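Hi,

Here is the structure I said I would pass on. Have a look at it first, then read my notes below.

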Amino acid sequence: MKRKAIIAISSLLLLGLAFYGSSQARTIAPGLKVGVLISSAGPLYFAGGFQKAAAELAKKDLAKIINLEISYQDPGDSEVETNSALRYFAKQNVELILAPIETDSVRRVLKSKDLPEVPIIAPSSLSENLAGNKK
């Protein structure tokens, strides 16, 4: 009888440890570094706050699944400013870039020689036939 009780208790303990361990594994999963190009100048300057709020909301919603590290940069209104923002993202080793919402800014981003070799997601509709020519 003692032997059955010991086996039952040991089984319950192992089962409890397995459930606890799997619930803790989620919190130590590797994170994802995301670069977000937000508009804080130019014709859609007013959208920058909304873009940042949306990114922070997504980070909060995904917090239990993945650890997001978000960096923000303004692509600016010139190639120099865009290149500076992309160099910053390259130094941060971002793994994904969210493109700006203006088509002209996206064109500058795609033409930049400083664009990191990472996926780019356009969060809004842009001009047709807008594509990068990276090889």
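What follows is what I found in it, starting with how to read the values.

This is a predicted model, so to speak of local features I needed pLDDT of at least 70, and side-chain atom pairs count only at pLDDT 80 or more, while totals for chains, interfaces and linings use all residues. Residues are numbered from 1 along each chain as its sequence is written, and side-chain values use heavy atoms, with hydrogens and water left out.

First, the overall layout. The protein chain has four helices and four strands, where helices (H or I, at least four residues) and strands (E, at least two) are DSSP runs numbered from the N terminus. Of the 135 residues, 27% are buried, meaning under 20% relative accessible area, with exposed being over 50% and partly exposed in between (1.4 Å probe, protein chains only). The accessible surface is about 9,400 Å², and carbon and sulfur atoms hold 60% of that; the areas come from the Shrake-Rupley method with a 1.4 Å probe, and for residues only the protein chains shown count as cover. Among contacts (heavy atoms within 4.5 Å) with a separation of 6 or more, 59% are between residues 24 or more positions apart.

Now the sheet. It is open, with four strands in the order S2-S1-S3-S4 and parallel pairing; two strands pair if DSSP finds at least two bridges between them. S2 and S4 (120–121) are at the edges with a single partner strand each, so one side of each has no neighbour in the sheet. S1 (residues 32–37) pairs with S2 (residues 68–73) over six bridges, and Lys33 is opposite Glu69 in S2. To get from S1 to S2 the chain goes through helix H2 (residues 48–62), in a right-handed β-α-β crossover (with the strands pointing away from the viewer, the path from the first strand over the helix to the second runs clockwise). S1 also runs parallel to S3 (residues 96–98), with three bridges, and there Val34 faces Leu96.

In the loop between H2 and S2 you will find Ala63, which is exposed because its relative accessible area is 52%. Its C-alpha atom is 9.9 Å from that of Gly31, 32 residues away along the chain.

On to helix H4 (residues 103–111): its buried residues are Thr103, Ser105, Val106, Arg108, Val109 and Leu110. Their cover includes S1, helix H3 (79–92) and S4.

Last, the rings. There is one aromatic pair, counting rings of Phe, Tyr and Trp (its six-membered ring) with centres within 6.5 Å; planes under 30 degrees apart are stacked, over 60 edge-to-face and the rest tilted. Tyr88 and Phe89 have ring centres 6.1 Å apart and planes at 55°, so they are tilted. Tyr88 is partly exposed at 33% relative accessibility, whereas Phe89 is buried at 0%. Separately, the charged end of Lys52 sits over the ring of Tyr72, 4.9 Å from its centre (the rule being NZ of Lys or CZ of Arg within 6 Å of the ring centre and within 35 degrees of the ring normal).

Cheers
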